[in-house]
Amino acid sequence: MATDIRIDYYPTHEQDGIKFRRGHVLPFGATMVPNGVNFSIYSSEAIDCTLVLFERGEDAPYAEIRFPEEFRTGNVYSMIVFDLDYERLEYGYRMDGPFNPEQGSRFDKNIILSDPYAKAIGGRDTWLATPNWDNVYPYRSRLVFEDFDWENDHPLETPIEDLVIYEMHVRGFTQHPSSEVKNPGTFAAIKSKIAYLKELGVNCVELMPIYEFDEWENSKENPVTGGLIVNFWGYSTVNFFSPKAGYAATGKFGMQVDELKTLIKELHKNGIEVMLDVVFNHTAEGDHRGHTISFRGIDNKTYYMLTPEGYYFNFSGTGNTLNCNNPVVRNMVLDCLRYWASDYHIDGFRFDLAAILGRDQNGAPLSNPPLLESLAHDPILAKCKLVAEAWDAGGLYQVGSFPAYGRWAEWNGKYRDSIRKFLKGDEGLIHEIGQCIQGWPDLYQYRGPTASINFISCHDGFTLYDIFAYNEKHNDANGENNNDGGNDNHSWNCGVEGETDDEFINQLRHKQIKNALSILMVSQGVPMILSGDEAGVTKYGNNNTYCHDNELNWMDWSLLEKNSDIYYFTQRILRFRRGHPVLRSKTHLQHRDYVGSGYPDISFHGTQAWQPDFAASSRCLAFMLDGAHAKSGTITDDSIYVAMNAHWDALYYELPSLPNGQRWHLAVNTDMPSGEDIYDIGKEPLLEDQVRFLVGGRSTVILVGK
Amino acid sequence: MKVTLTDQEEITVVEVTGDIDSKTAPEFERNAKLATDRNDKIAIDLTAVEFMSSAGLRVLLMVYRNIKSQNGKVILVGVSEDIQDVMSTTGFINFFKIVGTVAEAVVILKQD
């Protein structure tokens, strides 16, 4: 049957020359259909809804079509409009209804509202291009072509224990002139750096928020530097389904969707997964003083958690809290993630302040949060990685207790803090370090080591270099009198605060970076590094650079040369992890021999073999992984011995003996100068002394037994 | 925008003059369809095209998919540097061979 004989391909109504008919209630959003576009939007309280149509970029709409009453089904308004120009169209809605904030309703039919389900947003097409501040409709919903030719691409489904995650800001990665790329700061520029990522050895990039946000939000002149304070990081969503146009070289042509999909396709071709940092805890509309962009004017009570007085709960620390366990909002989040997983081939999601997703509509933590359960059991998301930042700004801290349903992993903040404290020389950490290197079985007893996303630095807080260059935060440039940003950095400046010419101190800092990377890469669980740490980037002690579109956030690629020893070491230690499956167990290690090798899968040691010192005063721990137990004994690897010495003095570590015929070889000694600090797999020199090893002060040694 | 179709033996040359955007893409598409109905070896001459929008690029990809399903071949001619940049950034370029002149395209298409 020819498709064009369906009667609903033809209009029934006409107004001002525009033809339309009753639409389909699902899917929500604007969907291309034969001859037209199907518009569908939900509001539980609106008494009237009008579709507003613009020619792209024009100040005033060219048409406003009120939904006839018969076009409403339940609380959903739907309409098909014919003969629209898909590329040139911008659309929005006016919603009429009660305005009584104390009861939670904030309708205003004078405001043109963006569609929560829009697939692209116009208005911020080029990063920091000055917008028209008088625009009657600043964030404009647009249509996108959803016919990208993926050929045979498919999400990679790399086992999570084999990932090395690289946390990256799209603009920060290549905006610095030293990146020498054609379209700095864009998706396209990341594509041109894929060879670099491969050479570095990461197999997953985690993109900081790429949902459309407004870099101009809360912008002001910086009182300290005179520059502009902007929303650089983007943790403030304008629309959940739209990629940020200003991150695309082709955003000005409205082709950001194709550009991002092309990047993902190319990354996949090179074995690199793509994880998105998604922000479902709040929106860019702020509190009761904020702008109405979309949700507030469409259905305030549905989309936000409100106090009994009609104000916004602020569990996110940013003014409002998305009401994500309301069934309608829950479905929107689910629709959104399904869309990104299926249409963009996204491999995983990291949920910002995810503890909020487990709160009920009054803000109380739920024991069985329906949203988290839905995501964990969703058929379309079944192979996606789900990672929670398991805390929120309202004081809910769920590291180890986040409702996981056998699916969720977590950013392990305890790992970060323990390793930092250990490396700076704090006492009383040996038990925790033992947990760190095992994927923290005390926290994740039933979930396995892969529940632990291990990291020492991330976008939030000091860079890896700054952890060893600053005792205190230096956030004056943020314009808040150094009051913003965390104070619990657990950092140590190695003797001088900030930059110094002191060779000894600089060497010590580099060594500490190598210690940190070594421990991270030999820990069970899933390692994550922060983009730029491989080059030793600094933010000059600023631990909260969310607002800077400048060198504080732009990776300086020339540092790869200046700190070539760090880059060389990072590459090699990543290879070391990749080359040794014994470091990447899916299940917890058992401290026993279950394959008959004569050695337990993991054993702890101290300066004396087989005698770990867990006393409060100890700063030494060593462990051995038995190669016969690699991947639960299904394959054989070398055995690995790691000696960590956070004491300032060099100490002899007695080595555990190996099975007959095997000998210890040196893979890593961070106490040695570059060139002798790490050896490629297969080129590790044989140790002359097989009985003991002098581990330098504040140093890490890795041996392989083969 | 103007589209001209010229047959050179078993090859059809589609010559476009002017911008290809959402307004003109349907006309381009109609002519491209005529060309693929006639022949499975197509050269699309874009020497006189300064701007091509997303809708235009999609017509090119439709032609490619159509020709490929007939085991034919399509070559683009004289694509401006700006358009090539956009095609590269958005992935469309991976599907096409691009040459400088129609004569070059004809030689290549005849070889197959």
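This briefing describes the chains, selected elements and the contact between chains in the structure above. The model is predicted. Chain A is divided into domain 1 (3–142), domain 2 (160–581) and domain 3 (589–705), while chain B holds 4 helices and 5 strands. The contact between the two draws 17 residues from chain A and 11 residues from chain B.

**Domains and annotation of chain A**

- The C-alpha centres of domain 1 of chain A and domain 3 of chain A are 64 Å apart.
- For residues 135–577 of chain A, an unreviewed UniProt entry lists "domain: Glycosyl hydrolase family 13 catalytic".
- That span, residues 135–577 of chain A, is 29% helix and 11% strand, and its end C-alpha atoms lie 53 Å apart.

**Parallel strands in chain A**

- Strand S22 (residues 385–388) of chain A pairs with strand S23 (residues 408–411) of chain A in the parallel sense, over 3 bridges.
- Within this pairing, A:Ala388 has A:Glu410 of S23(A) as its bridge partner.
- S23(A) also pairs in the parallel sense with strand S24 (residues 452–455) of chain A, over 2 bridges.
- Here A:Trp411 has A:Ile453 of S24(A) as its bridge partner.

**Helix H5 of chain A**

- Helix H5 (residues 295–303) of chain A is mostly covered, with 8 of its 9 residues buried.
- The buried residues of H5(A) include the charged residues A:Arg296 and A:Asp299, and A:Phe295, A:Gly297, A:Ile298, A:Asn300, A:Thr302 and A:Tyr303 are buried as well.
- Packing partners of the buried residues of H5(A) are strand S9 (89–96), strand S11 (105–106) and helix H6 (327–343) of chain A.

**Helix H9 of chain A**

- In helix H9 (residues 430–437) of chain A, the buried residues are A:Ile430, A:Ile433, A:Gln435, A:Cys436 and A:Ile437.
- An α-helix has 3.6 residues a turn, so residues three or four places apart point the same way.

**Fold and dimensions of chain B**

- The elements of chain B follow the order β-β-α-β-α-β-α-β-α from the N terminus on.
- Chain B is as compact as a globular protein of its length, because its radius of gyration of 12 Å is close to the 13 Å that the globule rule gives for 112 residues.
- The C-alpha trace of chain B spans about 30 × 25 × 25 Å along its principal axes.
- Of the 112 residues in chain B, 46% are buried.
- Among the contacts in chain B with a separation of 6 or more, 73% join residues 24 or more positions apart.
- UniProt, in an unreviewed entry, gives the annotation "domain: STAS" to residues 1–109 of chain B.
- Residues 1–109 of chain B are 43% helix and 28% strand, and the end C-alpha atoms of this span are 26 Å apart.

**Contact between chains A and B**

- The contact takes 17 residues from chain A and 11 residues from chain B.
- Helix H4 (residues 256–269) of chain A gives the most to the side of chain A that touches chain B, namely 4 residues.
- By class, the side of chain A that touches chain B comprises 8 charged, 6 nonpolar and 3 polar residues.

Note on methods. Residues numbered from 1 in each chain as written. Chains lettered and ligands numbered in written order. Predicted model: local features only at pLDDT ≥ 70, side-chain atom pairs only at ≥ 80, totals over all residues. Contact = placed C-beta atoms within 7 Å. Pairing = 2+ DSSP bridges. Rg over C-alpha atoms; globule rule 2.2 N^0.38 Å. Buried ≥ 20, exposed ≤ 12 C-beta atoms within 10 Å, placed from the backbone. UniProt positions renumbered as here; feature names shortened; annotations may be inferred. Domains from an automatic or database assignment.
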